[in-house]
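Hi everyone, thanks for coming. Please have a look at the screen, and then I'll walk you through what I found.

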Amino acid sequence: MHTNWHDSVLFGLHFDLHANETDQVGAALSVDHLVEQLEKVRPDYVHCDCKGHAGYASYPTRVGVPAPSIVRDSLRIWRDATRRLGLPLVVHYSGIWDRMALARHPEWGRDNGGRVQESSWLPQVQGPGGLDANMACPLSPYTESYMAAQMAEILEDYDIDGFWVDGENWATA
């Protein structure tokens with residue numbers, strides 16, 4: 001029987017940033033400091049942020065939209081620290097809810113039938129043609145040409161152990 005790393009873990013640490021326009025991403029983070037803190041907590045695996053609901057990546061993406069105030073590549077720091085400790089690294093990726101992708105491609109917005117929905121995270125606003133300006137339609141090119149391409153970039157550049165895709169169930173209408 002094939003065994004996956006997640007078959008033998010119990011306790012994971014989840015770091016959920018959801019980078020925005022002003023976050024100084026990676027400014028106070030170093031591999032040594034992170035290793036020191038993870039050794040105190042001793043998780044079996046780690047989740048860290050790579051793209052939050054606003055659509056900003058917390059690493060210098062070539063595919064998506066990097067947070068404007070990245071100081072250091074925090075995803076690289078998390079990967080290097082977890083490698084040093086032999087821990088699996090899973091990244092938090094907010095799918096569907098992606099204001100930055102829709103700013104570039106408003107035609108990918110979902111059709112809310114003219115309704116505007118409010119949320120505690122981000123105001124729901126209509127884009128051109130009445131399409132949602134925050135939530136992508138999963139049937140649009142967003143899924144394949146943006147989300148999957150960004151995930152492939154992360155796999156290639158950071159050799160992560162998995163994705164936790166946030167919002168695919170509750171952000172879909």
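The protein chain has four helices and eight strands; helices here are DSSP runs of H or I with at least four residues, strands are runs of E with at least two, and both are numbered from the N terminus. Reading along the sequence, you get the pattern β-α-β-β-β-α-β-α-β-β-α-β. A word on where this comes from: it is a predicted model, in which local features need pLDDT of at least 70 and side-chain atom pairs count only at pLDDT 80 or more, while totals for chains, interfaces and linings use all residues. Residues are numbered from 1 along each chain as its sequence is written, and side-chain values use heavy atoms, with hydrogens and water left out.

Of the 173 residues in the protein chain, 45% count as buried. Buried means under 20% relative accessible area, exposed means over 50%, and partly exposed is in between, using a 1.4 Å probe and protein chains only. Now take the contacts with a separation of 6 or more: 77% of them are between residues 24 or more positions apart. Contact means heavy atoms within 4.5 Å.

Let's zoom in on helix 2, residues 74–85. Helix 2 has twelve residues and spans 17 Å from its first C-alpha to its last, close to the 16 Å expected. That expected span is 1.5 Å times one less than the number of residues. Which residues of helix 2 are buried? They are Ser-74, Leu-75, Ile-77, Trp-78, Arg-79, Ala-81 and Thr-82. Their cover includes strand 1 (12–14), helix 1 (31–41), strand 2 (45–51), strand 5 (89–94) and helix 4.

How do we describe helix packing? Two packed helices are described by the angle between their axes and the distance between the axes. The axes are lines fitted to C-alpha atoms over the stretch in contact, with angles from 0 to 180 degrees between N-to-C directions.

First up, helix 1 with helix 2. Their axes come within 9 Å and cross at roughly 50°. That makes helix 1 oblique to helix 2; under 35 degrees would be roughly parallel, over 145 roughly antiparallel, 65 to 115 roughly perpendicular, and the rest is oblique. The crossing of helix 1 and helix 2 is right-handed, meaning the near helix is turned clockwise from the far one by less than a right angle, with anticlockwise being left-handed. On the helix 1 side, the residues that meet helix 2 include Val-31, Leu-34 and Leu-38; their partners in helix 2 include Ile-77, Trp-78 and Ala-81.

Let's follow Leu-34. Leu-34 has 7% relative accessibility, so it counts as buried. Apart from neighbours within four places in sequence, Leu-34 is in contact with Leu-29, Ile-77, Trp-78 and Ala-81. The C-alpha atoms of Leu-34 and Ile-77 are 8.1 Å apart, though 43 residues separate the two along the chain.

Next, helix 2 with helix 4 (residues 142–158): the axes come within 11 Å and again cross at roughly 50°. Helix 2 and helix 4 are therefore oblique to each other, and their crossing is right-handed. Leu-75, Arg-76 and Arg-79 of helix 2 make the contact with Ile-154, Asp-157 and Tyr-158 of helix 4.

Last stop: Ala-27, in the loop between strand 1 and helix 1. Ala-27 has 34% relative accessibility, so it counts as partly exposed. Leaving aside neighbours within four places in sequence, Ala-27 is in contact with Val-71 and Arg-72.
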